[in-house]
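Hi,

Here is the model I promised to send over. Have a look at it first, and then read on for my notes.

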Amino acid sequence: MVVCSKCNRNRAVIKLRSKGIYLCERCFKEYFMDKVMLALRRAGVLNSLRGKKVLVATSGGKDSLNALYVMHTLSEDYDVDVKAVLINEGIRGYRELTIQAFMKFCNALKVKSKVVSIENEYKFSIDYVARAYLSGLINYKPCTVCGVLKRHLVNRIAVEEEADYVVTGHNMDDEVQTFLINIVRGTVKNLAREGILTGGVLGFVPRLKPLYYVTDKESLTFFLVNKFETPIVECPYASLSLRYHIRLFLNELEYKSPGTKERLLELKDKFRASLSKLTETVQLKRCIICGQPTTREICRACEIVLQVRKITD
Ligand code: SF4
Ligand code: ZN
């Protein structure tokens, strides 16, 4: 039996390769929550969390359900009003399964929840977008459309719910992947934007990432030791995205050189701090179609919707 390196007593449930230590269930849960509290402290929200309204945007996957669980746990100490939303992209054979897991999870925690459908809101599904992309009718990849529309919709719901924060389940792996994607694409302004807490200007409800310092492996372990359940399914369109290939590359690097992801996250935060001083503050205005904040006349979501509707009409 491998014993916990911290308490030297209980059976270990995880090996943290970058630190060369093993942790048992109890010590791991403490370690996990310490990372969550560190993220909330560094975001500067911990002292002002009391009485706030939080909308947790979930996919029904392990990370966003973990995020919902930790916010629910904190809601008792900090008197936070927690609600959850899941956006149904309309991806057959994938989304139906996670919606069930999401509803069950919310019922168990007694958290108010809602499912909102992209197809109802925008009159086309991501399955439709994927077919159109694969047959050369549009240039937008399904993940691009899906990501932009989900952010657009979640922000609108958060405004309607008068939420102070939108909480997401982005973990360290997601953040480092985004960092590399921005480097590969040369999108420097985006590098300056991504952090634990973003938004909060002119109609952008601040987005908070409590799992910012938690690795994908730690998130999976937390989910399993708490005996949470959700189907292990991957979206059929994930492999069409650049993120998918960056994820494989990063996992290989992490395996060969443990601690790579942590070091890249530190680098990202240093970049972000120096870049935010250099990049000018962008002037936001309201989209002339939907009224959501944007730097252009028509926001990216409305621009995409107009393009896709051209081929559906
Ligand atoms: Fe949407 Fe892409 Fe995620 Fe699938 S993998 S749910 S298409 S963002
Ligand atoms: Zn718009």
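This is a predicted model: local features need pLDDT of at least 70, side-chain atom pairs count only at pLDDT 80 or more; totals for chains, interfaces and linings use all residues.

The buried residues of α1 are Cys27, Phe28, Tyr31, Phe32, Lys35, Val36, Met37, Ala39 and Leu40. You'll spot a lysine, Lys35, in that list. As for what covers them, the cover includes the strands β1 (12-16), β2 (21-24) and β8 (207-208), along with the helices α2 (62-78), α7 (172-185) and α9. Just after α1 comes Gly44, with a positive phi of about 75°.

Ala39 is worth a click while you're on α1. Its relative accessible area is 0%, so Ala39 is buried. Setting aside neighbours within four places in sequence, Ala39 is in contact with Ile196, Lys209, Pro210, Tyr212 and Tyr213. Gly200, by comparison, is 161 residues from Ala39 in sequence and 17 Å from it in space, C-alpha to C-alpha.

Now the cores. Which residues touch the most other members of the largest nonpolar core? They are Leu23, Phe28, Phe32, Leu40, Leu68 and Leu208, out of 61 residues in that core. Helix α1 (residues 25-42) gives the most to this core, with 8 residues. Phe32 shows what that looks like up close: beyond its neighbours within four places in sequence, Phe32 is in contact with Asn66, Val70, Leu211, Val214, Glu218, Ser219 and Phe222. There is also a second, separate core, made of 36 residues, and Val85, Val148, Val154 and Ala158 are among them.

On to the aromatics. The structure has 9 aromatic pairs. In one of them, Phe28 with Tyr31, the ring centres are 6.2 Å apart and the planes meet at 35°, so the pair is tilted. Both residues sit in helix α1, 3 residues apart, or about one turn of the helix. An α-helix has 3.6 residues a turn, so residues three or four places apart point the same way. Phe28 counts as buried because its relative accessibility is 0%, and Tyr31 is buried too, with a relative accessible area of 16%.

Phe179 and Phe271 make an edge-to-face pair, 5.7 Å centre to centre and with 85° between the planes. This one links distant parts of the chain: Phe179 is in helix α7 and Phe271 in helix α11 (residues 260-278), 92 residues apart. Are the two partners buried or exposed? Phe179 counts as buried, at 1% relative accessibility, while Phe271 counts as partly exposed, at 32%.

If you want to see a whole group of rings, show Phe28, Tyr31, Phe32, Tyr69, Phe105, Phe222, Phe223 and Phe228, which ring pairs link into a cluster.

The other helix I looked at is α6 (residues 142-160). Its 19 residues should span 27 Å at 1.5 Å a residue, and the end C-alpha atoms are 27 Å apart, so expectation and model agree. The buried residues of α6 are Pro142, Val145, Cys146, Val148, Leu149, His152, Leu153, Val154, Asn155, Ile157 and Ala158. Val148, Val154 and Ala158 also belong to the second core. After α6 comes Glu162, with a positive phi near 55°.

Which residues are around ligand 1? They are Glu89, Ile91, Cys143, Cys146, Lys150, Cys235 and Ala238. By type, that shell divides into 5 nonpolar and 2 charged residues, with no polar ones. Cys146 is also one of the buried residues of α6.

Lys110 has a positive phi, near 60°, in a residue other than glycine. Lys110 is in the loop between α3 (95-109) and β5 (112-117), and it is exposed, with a relative accessible area of 76%. Lys227 is not a glycine either, yet its phi is positive at about 60°. You'll find Lys227 in the loop between α9 (216-225) and α10 (242-256), where it is exposed, with a relative accessible area of 66%.

Cheers

How values were computed: Residues are numbered from 1 along each chain as its sequence is written. Chains are lettered from A and ligands numbered from 1 in the order in which they are written. Side-chain values use heavy atoms; hydrogens and water are left out. A residue is near a molecule or strand if one of its heavy atoms lies within 4 Å of it. Ala, Val, Leu, Ile, Met, Phe, Trp, Tyr, Cys and Pro count as nonpolar, Asp, Glu, Lys and Arg as charged, and the others, Gly among them, as polar. Helices (H or I, at least four residues) and strands (E, at least two) are DSSP runs, numbered from the N terminus. The expected span of a helix is 1.5 Å times one less than its number of residues. Buried means under 20% relative accessible area, exposed over 50%, partly exposed in between (1.4 Å probe, protein chains only). A nonpolar core is a set of buried Ala, Val, Leu, Ile, Met, Phe, Trp, Tyr and Cys residues joined through side-chain atoms within 4.5 Å. Contact means heavy atoms within 4.5 Å. Rings of Phe, Tyr and Trp (its six-membered ring) pair if their centres lie within 6.5 Å; planes under 30 degrees apart count as stacked, over 60 as edge-to-face and the rest as tilted.
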